[in-house]
Amino acid sequence: MSISAPNQAYIDNLASSIRQGEKIKFAQLCELLFAIIDAFCATLPQRRGRGRHKTYSDSTILKIDMLMHLTGKTGETEILREIERHYRDYFEQVPDQSRLWHRIHEALPLLERLRRTLREQLGVAYEDLRVLDSMPIPVAVPTSRPGRGNGFDLADGGYCASKKLKYRGFKLGMLMTTHGIPDTYDLFSARPHDVNLLTDLLDEAADILVLGDKGFISKPKRAQLECQQGVVLLTYRRKNQKCPNTPLEKWVLRQFRQLIETVFSQLDGHMHIQHTGAKTDIGLCKRVIGILTAFTMAIYLNFLLGRPLLAIKALFA
């Protein structure tokens, strides 16, 4: 069990001791994960004054949510069962399923704050190249049983050309680094064309080169981004366009196509981002925020341990 408020030196020393071992020990990996969360929670403002204090600390809730997604579990019931089997010694108190759902819901701003802290630790702000893409988040497909997805007020019909998939639901737009680290992301209804996502995803970007696919082709938007924000948007061009991609542009775009496939494969294959089991809009948002925070946490753990950054599944397998 980690100390209550470890500092960065403690985390670095623990990571160093793990690296020196022949094999990563499960108990040490848990200690490292929980130490990172405890150190983050120690920086949060402390509640003062009268009133009922939280039965379960923010640190406990964040640890459970990170474990849920890092171990590939799809819901609160599953992770609570896993905690009873393998992690009970790490927690003094564990909430029931209903209480855990509500506490994770309340902790969504903290999850995003934790992700941004990890992103800063990974030095994302110092990179000047990004990869842009989107992935479908279906809540119902043509073969789904009747009534599937009816609890989602914001879902809409859409089509994913790369998978030739008609579906009802959402799409996740993501801007990532060339190492696969999520930078910014947003969840949209499925209907808008990808080019309409550019404003939200690149709103805070400045002086970077962004690589995207044909779905982000927009000459006016590209000119606006370059003029106002110094953002150069490079995409594959369609065959009927007058100015085709140069050989260099094709080479650059090809280099990072595999990166996108690897990231999206990890997010869905291990963390089930396209099959979250959510039944409402807020439930889906809760899952997506937790998954992307856990994904960034896994990259940070691999960074500390000197492992390939996207070797995520093997960490808690």
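The model is predicted, so local features are given only where pLDDT is at least 70 and side-chain atom pairs only at pLDDT 80 or more, while totals for chains, interfaces and linings use all residues. Residues are numbered from 1 along each chain as its sequence is written, and side-chain values use heavy atoms, with hydrogens and water left out.

**Whole chain**

Along the principal axes, the C-alpha atoms fill a box of roughly 65 × 50 × 45 Å. Colouring by accessibility will show that buried residues make up 51% of the 317, where buried means under 20% relative accessible area, exposed over 50% and partly exposed in between, with a 1.4 Å probe and protein chains only.

**Helix α3**

Select residues 58-70 next, which form helix α3, with 13 residues and a reach of 18 Å from its first C-alpha to its last, close to the 18 Å expected at 1.5 Å a residue (the expected span is 1.5 Å times one less than the number of residues). Twelve of these 13 residues are buried, so α3 is largely enclosed by the rest of the structure. Its buried residues pack against α2, α4, α5, α6 (108-121) and α11. Just after the helix, Gly-72 takes a positive phi of about 80°.

**Nonpolar cores**

Now display Leu-32, Met-297 and Phe-316, which touch the most other members among the 85 residues of the largest nonpolar core; such a core is a set of buried Ala, Val, Leu, Ile, Met, Phe, Trp, Tyr and Cys residues joined through side-chain atoms within 4.5 Å. Helix α11 gives the most to this core, with 14 residues. Around Met-297, leaving aside neighbours within four places in sequence, look for contacts (heavy atoms within 4.5 Å) with residues including Leu-33, Ile-36, Met-66 and Leu-118.

**Aromatic pairs**

Show the rings of Phe, Tyr and Trp (its six-membered ring), which pair if their centres lie within 6.5 Å, with planes under 30 degrees apart counted as stacked, over 60 as edge-to-face and the rest as tilted. The structure holds seven such pairs. Phe-34 and Tyr-90 are edge-to-face, at 5.4 Å centre to centre and 75° between the planes. This pair links distant parts of the chain, with Phe-34 in helix α2 (residues 26-41) and Tyr-90 in the loop between α4 and α5, 56 residues apart. Both Phe-34 and Tyr-90 are buried. By contrast, select Tyr-300 and Phe-303, a stacked pair at 6.4 Å and 25°, three residues apart in helix α11 (residues 281-305). Tyr-300 is buried at 3% relative accessible area, whereas Phe-303 is partly exposed at 46%.

Finish at strands β2 (residues 156-160) and β3 (residues 165-177), which pair in the antiparallel sense over five bridges; pairing requires DSSP to find at least two bridges. Gly-157 has Arg-168 as its bridge partner in β3. Four residues lie between the strands of this hairpin, and Lys-164 in the turn has a positive phi of about 50°.

Key
Helices (H or I, at least four residues) and strands (E, at least two) are DSSP runs, numbered from the N terminus.
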